[in-house]
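Have a look at the fold, then read on.

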Amino acid sequence: MARPPRITPYPDLPLPLVYFVTLNFDERFHVLNREKTYRAIRSSLDRIDGWSAPVGMVMPDHLHLMISPCDPNSSVSVWSARFKFNFSRWNREPWRWQEGCFDHLIRNPASGREKLE
């Protein structure tokens, strides 16, 4: 199945840009509800320069985050690849993330509140 084209944010959108991102584990394994895995997630997020992850929720088989780039030209796809690479260095288990991620640009306060809820 072909991927839909990525929508680039308008260059005149004010910072901070905020994305709602979901990362899933392949075959939806329930592996994220472990203390060691949570620490690997935190360490992985801390190692990605140029992005902040102000809030997130760890579910047993997927991860929801609201992330914000320091540079509006930063790529969510690149962020996702860096996160997964960092995570695999901290967590030496055989599980695999699904390719890519789901992301949604938060365009207004109401949308941001909805995602927070």
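How many bridges join S1 to S4? There are 4 of them, and the two strands run antiparallel. Before going further, keep in mind that this is a predicted model.

## The sheet

S1 and S4 belong to an open sheet of 4 strands, ordered S2-S3-S1-S4 and paired in the antiparallel sense. At the edges sit strand S2 (51-58) and strand S4 (102-105), each of which pairs on one side only. On average, neighbouring strands in this sheet are turned by 20° against each other, ignoring direction.

Strand S1 (residues 19-24) also pairs with strand S3 (residues 62-69), again antiparallel, over 6 bridges. Over towards S4, Phe-20 stands opposite His-104.

## S1, covered on both sides

Side chains in a regular strand alternate between the two faces of the sheet. In S1, one side carries Tyr-19, Val-21 and Leu-23, and the other carries Phe-20, Thr-22 and Asn-24. Every one of these is buried, so both faces of the strand count as covered.

Helix H2 (residues 76-90) lies across S1, S2, S3 and S4, running at about 45° to S1. H3 packs on the sheet too, touching S1, S2, S3 and S4, and its direction makes about 150° with that of S3.

For a closer look at H3 (residues 109-116), pick Lys-115, which lies in it. Leaving aside residues up to four places away in sequence, Lys-115 touches Phe-20, Met-66, His-104 and Ile-106. Is this lysine buried, exposed or partly exposed? Its relative accessibility is 26%, so Lys-115 counts as partly exposed. Lys-115 and Tyr-19 are 96 residues apart in sequence, yet their C-alpha atoms are 9.9 Å apart in space.

## Aromatics

A search of the whole structure turns up 8 aromatic pairs. One of them is Trp-79 with Phe-83, a stacked pair with ring centres 5.6 Å apart and 10° between the planes. The two sit 4 residues apart in helix H2, which means about one helical turn separates them. Both Trp-79 and Phe-83 are buried.

Phe-87 and Trp-97 pair up as well: their ring centres are 5.3 Å apart and their planes stand at 70°, so this pair is edge-to-face. Phe-87 lies in helix H2 while Trp-97 is in the loop between H2 and S4, so the pair ties together parts that are 10 residues apart in sequence. These two are buried too. Zooming out, Tyr-19, Phe-25, Trp-51, Trp-79, Phe-83, Phe-87 and Trp-97 form one aromatic cluster.

## Cysteines

How many disulfides does the structure hold? The count is 0. As a reminder, a disulfide is a covalent bond between the sulfur atoms of two cysteines.

As for solvent exposure, Cys-70 has a relative accessibility of 58%, so it counts as exposed. Cys-101 comes in at 22%, which makes it partly exposed; the cut-off for buried is under 20%.

Technical notes. Residues numbered from 1 in each chain as written. Predicted model: local features only at pLDDT ≥ 70, side-chain atom pairs only at ≥ 80, totals over all residues. Heavy atoms only, no water. Disulfide = S-S within 2.5 Å. Buried < 20%, exposed > 50% of the residue type's maximum accessible area, 1.4 Å probe, protein only. Contact = heavy atoms within 4.5 Å. Pairing = 2+ DSSP bridges. Axes fitted to C-alpha atoms, helices over the stretch in contact; angles between N-to-C directions. Phe/Tyr/Trp six-rings, centres within 6.5 Å; stacked < 30°, edge-to-face > 60°.
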